[in-house]
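This report describes the domains, a chain contact and some local features of the structure shown below.

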Amino acid sequence: MVDLTRRDFGGLMAAGAAALAATPAFAQGSNISFMSFSFAEDPNKPLVQKVLDDFKAQSGISVEAVGSAWGDVQKNLLLRQRSKTLPTTAQLSERWLPALATLPEIVDLDQAIGRAKLEAAMDPAVLAMGQVGGKTLAIPLITGSIGMIANKEVLDKAGVGVPKTLAEFRAALVAIRDKVPNSVPFAAVTKNPSAIPLDFMIMVWTHGGRIIDESGKVLINSDAGRAAMAFMAGLMKDRLIAPELDRPDSRRLFAQGASGFYIDAPQARTFARSFSGKGEAADAFVLPIPTPVLKAGDTPRSIQWGHLVCAFKGPGMEGPDSAGVKWLNYLLSDAVQGGFAPALSALPVTKSAQKLPVVQNDPFFKAWAQATGVPLTNEIGIWSNGPELSSILSEEVQAALLGQKTSDAAVASMQSRMEASMAKRG
Amino acid sequence: MTMTSVEGSAAPMRVSAHARKGGLKAHERRVGRLFLLPALAAFTLVILFPFLRALAVAFTRSDLQTPEPIFVGLANFRAILATPEIIGAFVTTAVYVGLATAGTVVLGLGWALILNQSFRGRAVLRAVTLIPWVLPSTVTAFVWGWIFNSRFGVLNAALVGVGAIPYPTAWLSTTGGAMTAVVITKIWFSIPLFMSFFLAGLQSLDREQIDAARVDGAGNFALLRDHILPHLRPVLLVVIVLGVIGNLQHFDTIFALTGGGPVRATSVLSIEVYRRAFDQWDLGMASALGLLWVATIMPAAYFYLRHLLKGA
């Protein structure tokens with residue numbers, strides 16, 4: 001055996017620790033960090049990288065991008081909060097903010113950036129996306145709405161026009177099923193608990209119902225709620241929608257001409273360009289349409305949508321002149337808003353960027369705005385127990401779609417489970 | 001020797017003021033203990049601390065609305081008992097563990113019996129059999145995910161091709177189909193390990209005993225029942241216990257294949273804990289459920305350890 005004294009052993013340990021500390025993982029790297037789900041999406045990664053590079057060239061501050069899949073961002077933030085390794089800033093979907101607003105580390109941007117400055121830059125409705133309890137806890141990055149998109153080529157193949165009512169919509173789906181082999185006529189999301197609520201919410205609104213009102217009262221167990229569920233279950237029964245579909249699957253099916261309709265944000269155009277392999281030529285078949293209504297004269301429904309960026313207390317967010325605040329201000333500049341947002345097929349959030357020619361002259365934005373009308377606030381996402389409500393809703397929708405429960409039973413169960421969740425929330 | 005004793009004296013005498021107390025053996029023991037420190041530190045950091053922390057969190061309300069945990073006693077455990085969906089997860093776990101363990105034991109034993117025979121290419125087949133075992137489990141899950149895929153799956157293509165079904169079926173979207181898929185996947189990649197255990201046991205079986213039984217007119221089934229299974233009994237016990245423990249702990253292929261769905265058809269305890277913690281962010285409830293999950297594994301683990309110690 002090697003004759004090792006305690007002193008030798010201690011020396012070895014110290015040497016090991018020193019070697020570890022010298023590795024890149026322990027070295028001081030970027031000034032600040034930015035957790036981004038767009039950075040984790042292949043079509044959008046170069047767009048985010050360009051923003052980071054331009055910011056570094058302008059300010060000398062390097063921002064370390066931390067890619068995280070859209071569905072994992074909340075989980076990663078929670079874990080990092082527990083281990084006290086939160087990023088300086090993070091990109092969020094607008095519906096996650098109420099849940100994340102409870103984290104004590106989240107920065108009040110009214111203080112950090114200045115409420116007056118934010119109000120001068122954005123319309124109140126846009127700024128409201130980043131506000132909870134009257135405080136601005138995130139800056140809006142891009143905005144728009146979630147509505148219905150049709151594939152013009154698929155409609156032409158099936159010999160149908162743009163449907164205006166649900167009855168016409170159903171007839172169009174049947175035509176696509178029968179005339180376009182191996183297609184999913186309506187690529188509704190039936191798998192991901194985070195995405196199912198959006199499709200179902202639009203259907204409930206279209207049938208004249210609500211899921212939860214502004215006071216927190218659960219209203220889904222109504223004639224409209226049951227009718228919406230029965231409509232969706234009927235689509236599944238007749239193979240007009242398909243099981244096992246997540247939003248990324250819907251995007252690919254749509255881009256590859258295997259689906260006539262799906263529900264998405266205006267980013268649909270960017271995904272179609274990428275997944276079809278046609279680039280900008282794909283714009284010819286991406287057709288934003290008003291969501292079909294129950295009866296002529298009803299208002300087409302869409303959901304308010306946007307991406308936000310929040311900040312967390314810690315190094316880089318020490319004051320108005322900190323690197324983090326400079327980064328947030330840069331994200332609101334015309335350079336980013338007039339470049340990044342349109343490239344993502346989304347509307348800029350600032351008033352000045354919305355007037356830029358690149359936005360004003362883009363026919364897609366005009367078509368999108370005309371089609372989706374005035375979007376409504378997400379009824380699930382505004383609650384701090386939104387993740388649990390989403391799980392409940394998704395399970396019950398799946399149960400009805402897969403025939404495990406009748407539509408009425410699924411809606412009744414959704415009502416009671418959501419009421420219990422809201423009661424627990426207090 | 002750095003230390004010695006003077007013959008006839010009552011106490012050992014150190015020959016030098018620099019000599020090590022307790023002698024060389026004691027010194028080696030001390031150094032040995034020092035070498036244990038890294039492992040002990042890793043165990044404390046990676047296993048003991050998280051376990052104790054989970055234990056503490058299980059008795060608190062710790063979710064998004066209460067980032068600072070609040071002590072609630074047994075409230076989380078009462079909530080678990082009052083939630084039919086979670087009770088359902090225990091039933092789903094029992095079904096999954098039962099089917100996956102039984103299937104792997106039966107097929108693993110059968111495959112070991114085949115590979116124990118003498119035939120041309122046996123060595124190659126033994127090596128090929130290990131492939132599912134060396135594949136990363138998520139790769140396995142995706143392979144089977146594609147096989148069962150409703151739109152592009154091989155299974156649907158074959159069945160539609162021979163006219164057995166009129167149009168593709170969404171196997172992973174039915175309760176029975178999803179459970180069958182996750183069980184088949186687990187069996188497929190567990191068979192090589194179980195087969196290895198059984199094959200090792202079969203190698204020590206006395207060939208003359210089998211030949212004598214054959215001479216006495218024993219058929220294949222009689223050989224299996226009266227000679228092979230009694231001989232493999234110790235191996236069988238270990239394999240079943242390891243199978244139960246492994247299947248109780250299993251998470252990755254189920255999560256990758258079905259995510260616990262459709263609805264909750266394949267939501268075993270591991271998936272349920274994950275969903276509570278990372279879908280609903282209810283760490284208190286997830287920790288309480290995790291403790292109950294550990295409790296379900298403990299009897300099998302105890303049985304296995306006792307068997308090991310007895311063997312030792």
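In this predicted model, the C-alpha centres of domain 1 and domain 2 of chain A are 28 Å apart. Domain 1 of chain A is made of residues 25–143 + 304–366, and domain 2 of chain A of residues 145–303 + 377–425. Where these domains touch, domain 1 of chain A gives 13 residues and domain 2 of chain A gives 21 residues. On the domain 1 side, the elements that give two or more residues are helix H4 (97–100) and strand E9 (303–311) of chain A.

Chain A also meets chain B: 24 residues of chain A are in contact with 20 residues of chain B. On the chain B side, two or more residues each come from helix H1 (23–57) and helix H12 (269–279) of chain B. The largest share of that side, 3 residues, belongs to H1(B).

The table gives the residue classes for one side of each contact.

| Side | Nonpolar | Polar | Charged |
|---|---|---|---|
| Domain 1 of chain A, touching domain 2 of chain A | 7 residues | 5 residues | 1 residue |

Within chain A, is helix H11 (residues 247–255) largely enclosed or largely open? Of its 9 residues, 7 are buried, so helix H11 of chain A is largely enclosed by the rest of the structure. The cut-off behind this is that a residue counts as buried if 20 or more other C-beta atoms lie within 10 Å of its own. The buried residues of H11(A) are A:Arg247, A:Asp249, A:Ser250, A:Arg251, A:Leu253, A:Phe254 and A:Ala255. Their cover includes strand E6 (138–151), strand E7 (261–264) and helix H12 (268–276) of chain A. After H11(A) comes A:Gly257, which has a positive phi, near 70 degrees.

In chain B, B:Leu99 is part of helix H3 (residues 84–115). Is B:Leu99 buried or partly exposed? B:Leu99 has 18 other C-beta atoms within 10 Å, so this residue is partly exposed; a buried residue would need 20 or more. B:Leu99 and B:Thr180 are 81 residues apart along the chain, and their C-alpha atoms are separated by 9.0 Å.

Terms used
Residues numbered from 1 in each chain as written. Chains lettered and ligands numbered in written order. Predicted model: local features only at pLDDT ≥ 70, side-chain atom pairs only at ≥ 80, totals over all residues. Domains from an automatic or database assignment. Contact = placed C-beta atoms within 7 Å. Helix = DSSP H or I, 4+ residues; strand = E, 2+ residues; numbered from the N terminus. Nonpolar A, V, L, I, M, F, W, Y, C, P; charged D, E, K, R; others polar. Buried ≥ 20, exposed ≤ 12 C-beta atoms within 10 Å, placed from the backbone.
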